[in-house]
Amino acid sequence: MVSVENEDKILILIPPFWGHINPLIGITKRLVEESYIIVFYSLSEFKDIIVKTGAEYREYPYFPIVKANEKSHVPTVITLFTSFLDIADQTIPYFVDIFEKEKPDLIIYDFISFYSKCLLIHLQHRYLIGVSNIPPPKALLFFPSFCLNIEIFPEENFLKTMIEPVPNEEVIKSFEAHVKKVSDKYSLNLSTMSPIEYMTSLKEKLVIVSTFRELQPKGEEFKEPYKFVGSCSVTENREFYITDPKVKQLLGSFDPINPIKSLTLCVVISICQTVYNLYQEKIANENYSCPDNVLLLTWVPQLEVLQRASLFISHCGMNSVNESIHYGVPLICIPQGGDQPMVAHRIADELYLGIKLDTPTLTSEKVRKSIHQVLNDETYRKNMIEISKVSRKYTGIKTAVEEISKYITENN
């Protein structure tokens, strides 16, 4: 009997940001193993990890680096979406040509992939007016963080935090001008809704959420087509190539069994290269050296460290939170922006899995007291272990791939 190769093609069009790519890497690898043809658009810094999945890596034809906000070191939402409109303007003709030639069966995009949604609307318009006889492909909406729906979650107070700092009139006018320009050019019929309204009003026939329903705020209110598959970023078989001798020594000195009972306090600080350089400069200028039990590193194998950790101090990105829950490690949440404040609120204020600290008023003394509180109050770890048991009932990548396969084959 001759094996027939699966010829279904999937295009992944998500922003080239680690927090958005990470949950889709495992899904991509599994889809490739099931003989789907995967084309993953991104930027060169992610090429190696995408190629290792077996997918075809393609560079976005146009994707400028979005300027970060000086206060939070991440782009503001309105700046990000203005840039995405520019990306849509520059790349829609390219992707129309790709779709006409390759006829993909599915496009995967996520909740901030504004340019991808613009493309899908334009493809639908071309088909409806008869410019193209090729119907647009099916689309799948992916949430790497909490699911957003304007009728359910989040509440208004969290919507405000997502747009901070509040843009001035000039920035708003620039965004509205971009909306009108791109909408008119490609017949998108976009209103001048805010980026937040856009993110919370997306609808597709399949929506996959990379967390579990019990963690999602108001999770019981999200019905079909929302599929809470569990975390897709946690996997026990990630390959780590550890060359730093300090990291090797650390991983060898702590058993991944009840690390809180260890008599040794070791602090691992993982920061980006730029901040690492600033720290080293400050240490040198102030004639200060790191204690032997403090490791200051630009990268650590986070899953390996979490298996041995008693506490995780995090900005509360969703991938890190999912991984911390998976291993039952309490959190100190220091959110910076975007969805992080509402994730931190859920973790600390509603589920009591840790402590939330306010970034603008943060002091070393507050951090010290919080560390002492979490390490000496067993309630946080007990709560974490209980919710970890719930999270492990979900199969994440496996369920996501099953839902995608079913969706592609329906009505084909």
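Is Ser201 buried, exposed or partly exposed? Ser201 has a relative accessibility of 30% and therefore counts as partly exposed, where buried means under 20% relative accessible area, exposed over 50% and partly exposed in between (1.4 Å probe, protein chains only). The model is predicted, so that local features need pLDDT of at least 70 and side-chain atom pairs count only at pLDDT 80 or more, while totals for chains, interfaces and linings use all residues. Residues are numbered from 1 along each chain as its sequence is written, and side-chain values use heavy atoms, with hydrogens and water left out.

Ser201 sits in the loop between α7 (195-199) and β6 (207-209); helices (H or I, at least four residues) and strands (E, at least two) are DSSP runs numbered from the N terminus. A separation of 8.4 Å is found between the C-alpha atoms of Ser201 and Glu151, which are 50 residues apart along the chain.

Helix α3 (residues 77-102) packs with helix α6 (residues 169-186) at an angle of about 20 degrees, and their axes are 10 Å apart. This angle makes α3 roughly parallel to α6 (angles under 35 degrees count as roughly parallel). Axes are lines fitted to C-alpha atoms, for helices over the stretch in contact, and angles run from 0 to 180 degrees between N-to-C directions. The crossing of α3 and α6 is left-handed, meaning that the near helix is turned anticlockwise from the far one by less than a right angle. On the α3 side, the contact (heavy atoms within 4.5 Å) involves residues including Ile78, Phe81, Leu85 and Ile92. Residues of α6 in the contact include Val171, Phe175, His178 and Tyr186. The residues of this contact divide into twelve nonpolar, three polar and three charged, with Ala, Val, Leu, Ile, Met, Phe, Trp, Tyr, Cys and Pro counted as nonpolar, Asp, Glu, Lys and Arg as charged, and the others, Gly among them, as polar.

The count of aromatic pairs comes to 19, a pair being rings of Phe, Tyr or Trp (its six-membered ring) with centres within 6.5 Å; planes under 30 degrees apart count as stacked, over 60 as edge-to-face and the rest as tilted. The Phe81 and Phe84 rings form a tilted pair, because their centres are 5.9 Å apart and their planes stand at 55 degrees. Both residues lie in helix α3, three residues apart, about one turn of the helix, and both Phe81 and Phe84 are buried. The Phe222 and Phe228 rings, with centres 6.0 Å apart and planes at 75 degrees, are therefore edge-to-face. Phe222 is buried at 0% relative accessibility, and Phe228 is buried at 8%. Ring pairs also link a cluster whose members include Tyr41, Phe81, Phe84, Phe114 and Tyr198.

Notes: Angles under 35 degrees count as roughly parallel, over 145 as roughly antiparallel, 65 to 115 as roughly perpendicular and the rest as oblique.
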